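Have the viewer open while you read.

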Amino acid sequence: MERKYNATCPFCGHHFKVTYLQVNLICEDCNYIIGYHEDDKLPEQGSFFLLPKGTTYHSMLKGNVFSRRKTKKKLHHMLNGVVNWHNGTVFENGHYIVRPCLLIEDNPKVRWVGSGNYWCSADINNVEFL
Ligand SMILES: [Zn+2]
């Protein structure tokens, strides 16, 4: 049987098991889309989505900002998200052992062309695809 490792949903704190280098993770508790996802698991270029009012997003022009109203956006492309597997020390069954640990660095992000033709991006979990 393939070895399983502990992971934690960064949104709801739910603990779940993953296999080494597993990708396309979705929290079974809150459906949060976590870490690196392959291209064919993500929405296609040119899809439309809603950016809800009050959503934090990143603009290359303005930095981190939030949406003042609900707006419809066209997806230019996705950023796949980032995970980092590293050897970490964990306490297990009364011993400290070194084993692979999953660090979730970034979730997939939607990217669209914002004002002044600067890139804008937001966590996929914060938008609603149409
Ligand atoms: Zn969760």
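In which strand is the place of L25? L25 sits in strand β3, which covers residues 25-26. Bear in mind that what you're looking at is a predicted model.

Why does L25 count as buried? L25 has 21 C-beta neighbours inside 10 Å, so it passes the cut-off, which asks for 20 or more. Leaving aside neighbours within four places in sequence, L25 is in contact with V18, I34 and G35. R111 is another story: it lies 86 residues from L25 along the chain, and the two C-alpha atoms are separated by 20 Å.

Now for the residue N24. Its phi is near 60 degrees, a positive value in a residue other than glycine. N24 belongs to the loop between β2 (15-19) and β3. N24 counts as partly exposed because it has 15 C-beta neighbours inside 10 Å.

**The whole chain**

Zooming out, the secondary structure comes to 14 strands and zero helices. The C-alpha atoms fill a box of roughly 55 × 25 × 25 Å, taken along the principal axes. Of the 130 residues in the chain, 18% are buried. As for contacts between residues at least 6 apart in sequence, 48% of them join residues at least 24 apart.

**How the strands pair**

| Strands | Bridges | Example pair |
|---|---|---|
| β6 (residues 56-59) and β13 (residues 119-123) | two bridges | S59 and C120 |
| β12 (residues 109-113) and β13 | five bridges | V110 and A122 |
| β5 (residues 48-51) and β14 | two bridges | L50 and E128 |
| β10 (residues 82-92) and β11 (residues 95-106) | eleven bridges | G88 and R99 |

Start with β13. It pairs with β6 in the antiparallel sense, and β12 also runs antiparallel to it. S59 stands opposite C120 in β13, while A122 in β13 is the bridge partner of V110.

β12 and β13 form a hairpin with five residues between them. In that turn, G116 has a positive phi of about 70 degrees. The loop between β12 and β13 is also the place of N117, whose phi is near 65 degrees, again positive in a residue other than glycine. Is N117 buried or exposed? N117 is exposed, because 8 other C-beta atoms lie within 10 Å of its own.

Next comes an open sheet of three strands, with the order β8-β5-β14 and antiparallel pairing. Its edge strands are β8 (71-74) and β14 (128-129), each of which pairs on one side only. Between β5 and β14 there are two bridges, and E128 in β14 is the bridge partner of L50.

Finally, have a look at β10 and β11. Eleven bridges join these two antiparallel strands, and G88 has R99 in β11 as its bridge partner. Their hairpin has two residues between the strands, and N93 there takes a positive phi near 50 degrees. How many of the eleven residues in β10 are buried? The count is one, which leaves β10 hardly covered.

Definitions and conventions. Residues numbered from 1 in each chain as written. Predicted model: local features only at pLDDT ≥ 70, side-chain atom pairs only at ≥ 80, totals over all residues. Pairing = 2+ DSSP bridges. Helix = DSSP H or I, 4+ residues; strand = E, 2+ residues; numbered from the N terminus. Buried ≥ 20, exposed ≤ 12 C-beta atoms within 10 Å, placed from the backbone. Contact = placed C-beta atoms within 7 Å.
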